[in-house]
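Reader: Before we discuss details, please show the sequence and the structure. I would then like to go through selected features, with the cut-off behind each term.

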Amino acid sequence: MPTARNDEVEIFYETFGDATSPTLILINGLGSQCINYPEAWCALFAAEGYQVVRMDNRDVGLSSKLDGVDYRLGDMAADVVAVMDALGVAMAHVLGCSLGGMVVQRLAIDHADRLLSATSVMSMTGEPDYGRSAPDALAVLLAPPATSRDEYIEHHVAAQHVYGSKPEWVDDEANRGRAAAAYDRCFCPAGVARQAAAVARDGSRAEQLAGVRVRMLVMHGSRDRLIDPSGGRRTAELVPGASYVEIEGMGHDYPPAVWPQWVATWAE
């Protein structure tokens with residue numbers, strides 16, 4: 001099992017594509033495991049000529065669980081750098097969704113010398129006036145953790161109808177399968193809570209983002225009700241030279257219907 005080490009933290013990762021090609025590292029959102037970037041989607045990125053890396057953030061999946069440890073987004077960014085070091089990659093492209101987008105922003109602030117580009121998707125700057133959740137979406141996010149496998153699966157399916165993409169892109173059975181796979185691989189609600197606390201500790205990154213000189217793409221879904229598109233627009237507004245792309249019909253998710261447009265937009 002390939003792992004990278006950041007001090008006492010072990011980070012699980014997997015690679016796809018040619019190891020001699022430029023590297024793209026995919027970073028997950030809150031409580032999300034690397035399998036949420038399905039192999040078929042990773043293959044689309046790899047087909048553009050990249051080594052693709054998917055990884056479990058600390059406190060989820062097969063990476064270390066940090067009971068009793070307080071950490072920040074900067075520590076999670078350092079985990080990504082540790083994966084780069086384990087692969088012998090001096091510089092990489094990074095793409096992150098939601099919390100992963102915040103980690104990407106922190107990488108652009110703290111580790112610009114290690115980045116070829118940064119892509120922040122369905123994310124926000126940490127400023128309270130941008131990217132606010134709709135009340136029903138926030139209620140889903142703040143609901144108590146599931147107490148059984150079946151409850152976890154049904155909560156996940158229901159959530160997609162609150163803040164997911166347009167209805168014709170939402171596949172309940174596929175979402176059930178993904179939720180079951182995630183639960184069976186790792187169910188660690190305490191780790192999710194620690195990740196959320198790391199976001200809170202980071203606060204606003206607005207002033208630091210204004211000084212970023214890394215090439216940045218910002219993407220968001222027009223239907224995102226968990227992190228309003230204003231969070232993405234604000235990110236692009238702050239980072240000098242950043243590009244902003246809003247995917248019509250996409251919510252706070254990434255159904256297969258958006259993969260071709262997403263990959264083509266990123267590769268371009």
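Reader: Is G221 buried or exposed?
Author: Buried means under 20% relative accessible area and exposed over 50%, with partly exposed in between (1.4 Å probe, protein chains only). The relative accessibility of G221 is 0%, so this residue counts as buried.

Reader: What pLDDT do local features need here?
Author: Residues are numbered from 1 along each chain as its sequence is written, and side-chain values use heavy atoms, with hydrogens and water left out. This is a predicted model, in which totals for chains, interfaces and linings use all residues, side-chain atom pairs count only at pLDDT 80 or more, and local features need pLDDT of at least 70.

Reader: In which strand is G221 found?
Author: Helices (H or I, at least four residues) and strands (E, at least two) are DSSP runs, numbered from the N terminus. The C-alpha atom of G221 is 17 Å from that of L30, a residue 191 positions away along the chain. By the DSSP assignment, G221 belongs to strand β7.

Reader: Which elements give two or more residues to the lining of the second largest pocket?
Author: On a 1 Å grid over the protein atoms alone, a pocket is an open set of points with protein on both sides within 12 Å along at least five of seven lines, whereas a cavity is a set where a 1.4 Å probe fits but cannot get out; lining residues have an atom within 4 Å of a point. The second largest pocket has 15 such residues, and R215, L217, T265, W266 and E268 lie nearest its centre. Two or more lining residues come from each of β6 (115-121), β7 (216-221), β8 (243-247) and α10 (259-267).

Reader: What is the volume of the second largest pocket?
Author: By class, its lining has 7 nonpolar, 6 polar and 2 charged residues, where Ala, Val, Leu, Ile, Met, Phe, Trp, Tyr, Cys and Pro count as nonpolar, Asp, Glu, Lys and Arg as charged, and the others, Gly among them, as polar. Grid points are joined across faces, edges and corners, and a volume is the space filled by probe spheres set on the points. For the second largest pocket this gives about 300 Å³.

Reader: What span does helix α2 reach from its first C-alpha to its last?
Author: The expected span of a helix is 1.5 Å times one less than its number of residues. Helix α2 (residues 73-87) has 15 residues, with 21 Å expected. Its buried residues include L73, M76 and D79.

Reader: How far from the sulfur of C34 is the nearest cysteine sulfur?
Author: A disulfide is a pair of cysteine sulfur atoms within 2.5 Å, and a search of the whole structure finds 0 of them. C34 is buried, at 0% relative accessibility, and C42 is buried at 1%. The sulfur nearest to that of C34 belongs to C42, at a distance of 8.3 Å.

Reader: How many residues apart in sequence are the parts tied together by R114 and D85?
Author: A salt bridge is a side-chain nitrogen of Lys or Arg within 4 Å of a carboxyl oxygen of Asp or Glu, and R114 and D85 form one at 2.9 Å. R114 is buried, at 17%, whereas D85 is partly exposed, at 47%. Because R114 lies in the loop between α3 (99-110) and β6, and D85 in helix α2, the pair ties together parts separated in sequence by 29 residues.

Reader: How many salt bridges does the count come to?
Author: R176 and E173 form a salt bridge at 2.6 Å; they are 3 residues apart in helix α6 (residues 172-185), which means a separation of about one helical turn. R5 pairs with E10, with closest N and O atoms 2.6 Å apart, while R106, D110, D202 and R205 are linked in a network. By this rule, the number of salt bridges is 21.
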